[in-house]
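Have your viewer ready and try each task before reading on.

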Amino acid sequence: MFLLKDIKYKDILDIKELKFEESKVACIVGESGSGKTTLLRLLNKLISCDGGEIFYKNKPFKHINSVDLRREVVMLPQAPAIYGGSIKDNLLIGLKFGEKPIVSDERLLEILRLVKLNKGLNDDADKLSGGEKQRIALGRVILMEPEVLLLDEPSSALDEDTEELIIEALVSYTRNRGKTLIMVTHSKKIAGSFSDKIVELSKRDSY
Amino acid sequence: MEGVIDLQLWQLAASYVFIVILLFIVKARGISREKEIIVSSIRMTLQLILTGYLLVYLFNNSNPLYTLLVIAIMEVFAIYNIIKRSKFKLSKGLKRIVAISMLFGTLSSILYFLFVVVNISPWYNPRYFIPIAGMLIGNSMTGISLGVTRLVDGMYTKRYLVESALMLGATPKGASKEIVDNAFDSAILPTINSMVGMGIVFLPGMMTGQILSGTSPVTSIKYQIAIMLGILGSVALTVIIFLHLGYKTFFNDESQLNIGE
């Protein structure tokens, strides 16, 4: 799905070669400051690397329109972005940004169940707790049904039990649909039990 | 023009006594703003005296070159003022957009207003050209200033939301839509407010001036209506051009956010 060659980004990343396979779950782990988030941002083309080349489906990044790419390769940032309005508004806004067709309320409720959130669609999204907001943001991304999900610590604001439940649901959801999942996590346990591939980054190293 | 009271010099002097009284009150209340009041009063007086003589000269020696020169000076001053008075440091690209939108927005409004609405002759008649251009340029300047502030402020404070929208596949336009809409609202609101209060809460300056100088209130009102619509159009046009081009300066060709960490 992705092939990274000789990637350099400032003095944060220096990657000789790295591959992410299609329809697989990969976890990125490593100490803070090792460039985990930067790697996701590169794959989302939110930033461009200083040297080297990234290929997506064998096509070099520079020949892919950034917005088109991001509609297939969606990224979820670590701190959830809440846009004001109701839970429904916040779930749908991803589809609106990505200019995709709006879905039914039933589908939205299904997504809320998937992220284990027992709330009404018309509840005020601003009043939710940090963990609840994070799950709304996760639901928003799942709703977009992208080819690739790039998740930056999607469970950092959750307690351990909820975390495992949600990651498990997420992984089985993406596996059933043959989607690719690339996830930054601080939890070695999650990385160990759910991923097909673990990428470990350390500060200013080569791989 | 009969019955118009031309102010004598001593009458004008009397209006300064008013300010002297104000100064005493300000001093007695311990508000330390005497210096600003004095300086701004003197500055205003000098600027207007100079402008008065300049206008007399221009009206007596009307010449297309002079008219165009005055308009050019007004535009340059307005653009400089917008950039200089912004509390943010503007990028080169954004400064250029300020200049483009001011020039294009105000000039097209001025041309339409002078040649279609008022239909002046000769085309460079300074008695119409200069004051009307001044009003359109001045109001558009205020509008863009507000628009600049709201756009830049919005992009910085909501940077995280903008970037999160990009991550989801939003176009730069879609990601900054809310900020752009807000900036337009706040830029156009003062003009809308002054239209709503006009004639009831206050009599607009231009109309007051014309009435005091002996023009029939009906004629003054016709001019006032036309100029208000002209101002609204000019402000809206300049702000729309500014925002339409301005938000793009915050993104690069790869649709990545282009502002510092």
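A salt bridge is counted when a side-chain nitrogen of Lys or Arg lies within 4 Å of a carboxyl oxygen of Asp or Glu. This is a predicted model, in which local features need pLDDT of at least 70 and side-chain atom pairs count only at pLDDT 80 or more, while totals for chains, interfaces and linings use all residues. Residues are numbered from 1 along each chain as its sequence is written, chains are lettered from A and ligands numbered from 1 in the order in which they are written, and side-chain values use heavy atoms, with hydrogens and water left out.

**Exercise 1.** Find which residues are linked with A:Arg107 in a network of salt bridges.

*Solution.* 
- Step 1: start with A:Arg107, whose side chain meets that of A:Glu145 at 3.0 Å, N to O.
- Step 2: A:Glu145 sits in the loop between α5 and β7 (148-152) of chain A and A:Arg107 in helix α4 of chain A, so the pair ties together parts 38 residues apart in sequence. Helices (H or I, at least four residues) and strands (E, at least two) are DSSP runs, numbered from the N terminus.
- Step 3: complete the network, which links A:Arg107, A:Glu110 and A:Glu145.

**Exercise 2.** Work out which residues of helix α4 (residues 105-114) of chain A are buried, and where they lie around the axis.

*Solution.* 
- Step 1: apply the cut-offs: buried is under 20% relative accessible area, exposed over 50%, and partly exposed in between (1.4 Å probe, protein chains only).
- Step 2: list the buried residues: A:Arg107, A:Leu108, A:Ile111, A:Leu112 and A:Leu114.
- Step 3: find the packing partners of the buried residues, namely α3 (87-97), α5 (130-143) and α6 (160-176) of chain A.

**Exercise 3.** Determine which residue of chain B forms a salt bridge with A:Arg41.

*Solution.* 
- Step 1: locate A:Arg41 in helix α1 (residues 36-43) of chain A.
- Step 2: pick the partner: B:Glu163, at 3.1 Å, N to O.
- Step 3: check burial. B:Glu163 is buried at 9%, and A:Arg41 is buried at 15%.

How values were computed: Arc of directions from axis to C-beta. Contact = heavy atoms within 4.5 Å.
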